[in-house]
Amino acid sequence: MTSAALGELLLSRSLDDPELLAASDTAPQTRILPDAHVLKIGGQSLMDRGRAAVRPVVDELLDARRDHQLLIGTGGGTRARHAYALAAELGLPTGVLSDIGSAVAGQNATMLGHLLAQYGIPVVGGGAMASLPLKVAEVGAAVFAGMPPYDMWQRPPAEGVIPPYRTDAGCYLVAETYGCKSMIFVKDEDGLYTANPKTDPAAELIPEITVDELIARDLPDLVVERPVLDLMRHARFVRRIQVVNGLKPGLVTRALAGEHVGTIITA
């Protein structure tokens with residue numbers, strides 16, 4: 001369909017019109033940062049562990065920047081969970097909890113950004129995400145807070161008040177929006193397991209699985225937020241994510257090189 005025909009539909013039809021939606025789906029898609037990798041640095045997995053966990057990952061990222069473009073997102077971790085608990089006990093709604101979670105993820109981004117500052121790697125705030133391509137072109141990397149900026153407009157969950165779209169989803173959405181090369185979640189486990197390996201010694205590693213298979217299994221514990229799976233189902237660009245253990249030196253580098261380490265989840 002030509003752009004003129006699509007424009008005609010946009011002017012004359014409801015934005016929910018099936019023919020209009022089908023026509024818009026045929027429009028060419030542009031990968032804005034096709035060579036960039038998005039890495040989500042876990043808040044509870046890594047940042048909360050302090051220097052022993054964070055410094056080796058920082059060094060590995062600096063080495064990787066020589067060969068790869070990096071967008072580095074941060075999680076909220078234990079401080080966010082503590083804030084969620086207090087806010088929920090006070091009876092505050094999901095949108096307020098989302099604001100709180102954004103603040104904590106921003107603190108972790110600030111700390112990580114200061115560790116990388118001497119190398120010219122900036123922290124990009126939520127209101128300046130459009131500058132990410134410029135920062136990557138200039139210095140090869142940028143840091144951002146992983147929480148999506150839904151704030152008061154966060155979609156309420158089916159149950160409870162905890163924001164369903166948190167830092168895993170936020171980092172994934174950055175990767176999908178910019179059409180990035182890969183989405184790597186840097187955690188403190190070797191990948192996805194059949195149960196929580198911290199509490200269940202019988203848990204088995206799942207090296208590779210599809211989104212539909214994973215949803216069908218309905219596992220009680222997932223290494224990534226469940227909404228990420230739904231987002232992957234509708235993705236145009238990032239239809240594969242990888243989960244690696246950031247506490248084991250070299251795994252992030254190997255994942256960036258395309259090696260199958262950790263767990264790979266595909267759409």
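This is a predicted model: local features need pLDDT of at least 70, side-chain atom pairs count only at pLDDT 80 or more; totals for chains, interfaces and linings use all residues.

Let me start with the packing. The largest nonpolar core has 38 residues, and the members that touch the most other members are V38, L71, Y172, M183 and I241. Several elements each put at least two residues into this core: strands β1 (36-41), β3 (141-145), β4 (182-187) and β8 (240-245), together with helices α6 (132-139), α7 (167-177), α8 (211-217) and α9 (226-233). The most comes from α7, which gives five residues. Another core lies apart from this one; it has 27 residues, including L46, I121, A141 and V244.

What does I241 touch, leaving aside residues up to four places away in sequence? The list is Y172, M183, F185, V224, V228, M232, T263, I264 and I265.

Searching the whole structure gives one cavity of 30 Å³ or more, and the space in the largest cavity is about 40 Å³. Its lining consists of I41, L46, M47, A53, V54, V57, V58, L61 and L112. Helix α3 (residues 51-64) provides the largest share of that lining, five residues. By type, the lining has nine nonpolar residues, no polar ones and no charged ones.

Next, the open spaces. The largest pocket holds about 1200 Å³. It is lined by 43 residues, and those nearest its centre are R81, R166, L222, V224 and E225. Two or more lining residues come from each of α4 (78-89), α7, β5 (192-193) and α9. The lining splits into 18 nonpolar, eleven polar and 14 charged residues. V224, next to the centre list here, is also a contact of I241.

The second largest pocket has about 390 Å³. Of its 22 lining residues, G126, M129, A145, M147 and P149 lie nearest the centre. Elements α5, β3 and α7 each contribute at least two residues to the lining.

S98 sits in α5, which covers residues 94-116. Is S98 buried or exposed? Its relative accessible area is 0%, so S98 is buried. Beyond residues up to four places away in sequence, S98 touches M147, Y150, D151, Q154 and P163. M147 is one of the residues nearest the centre of the second largest pocket.

The other α5 residue is G106. With a relative accessible area of 21%, G106 is partly exposed; the cut-off for buried is under 20%. The C-alpha atom of G106 is 8.2 Å from that of G125, and the two residues are 19 apart along the chain.

Last, the cysteines. How many disulfides does a search of the whole structure find? It finds zero. For C171, the nearest cysteine sulfur belongs to C180 and is 11 Å away.

Technical notes
Residues are numbered from 1 along each chain as its sequence is written. Side-chain values use heavy atoms; hydrogens and water are left out. Helices (H or I, at least four residues) and strands (E, at least two) are DSSP runs, numbered from the N terminus. Buried means under 20% relative accessible area, exposed over 50%, partly exposed in between (1.4 Å probe, protein chains only). Contact means heavy atoms within 4.5 Å. On a 1 Å grid over the protein atoms alone, a cavity is a set of points where a 1.4 Å probe fits but cannot get out, and a pocket is an open set with protein on both sides within 12 Å along at least five of seven lines; lining residues have an atom within 4 Å of a point. Grid points are joined across faces, edges and corners, and a volume is the space filled by probe spheres set on the points. Ala, Val, Leu, Ile, Met, Phe, Trp, Tyr, Cys and Pro count as nonpolar, Asp, Glu, Lys and Arg as charged, and the others, Gly among them, as polar. A nonpolar core is a set of buried Ala, Val, Leu, Ile, Met, Phe, Trp, Tyr and Cys residues joined through side-chain atoms within 4.5 Å. A disulfide is a pair of cysteine sulfur atoms within 2.5 Å.
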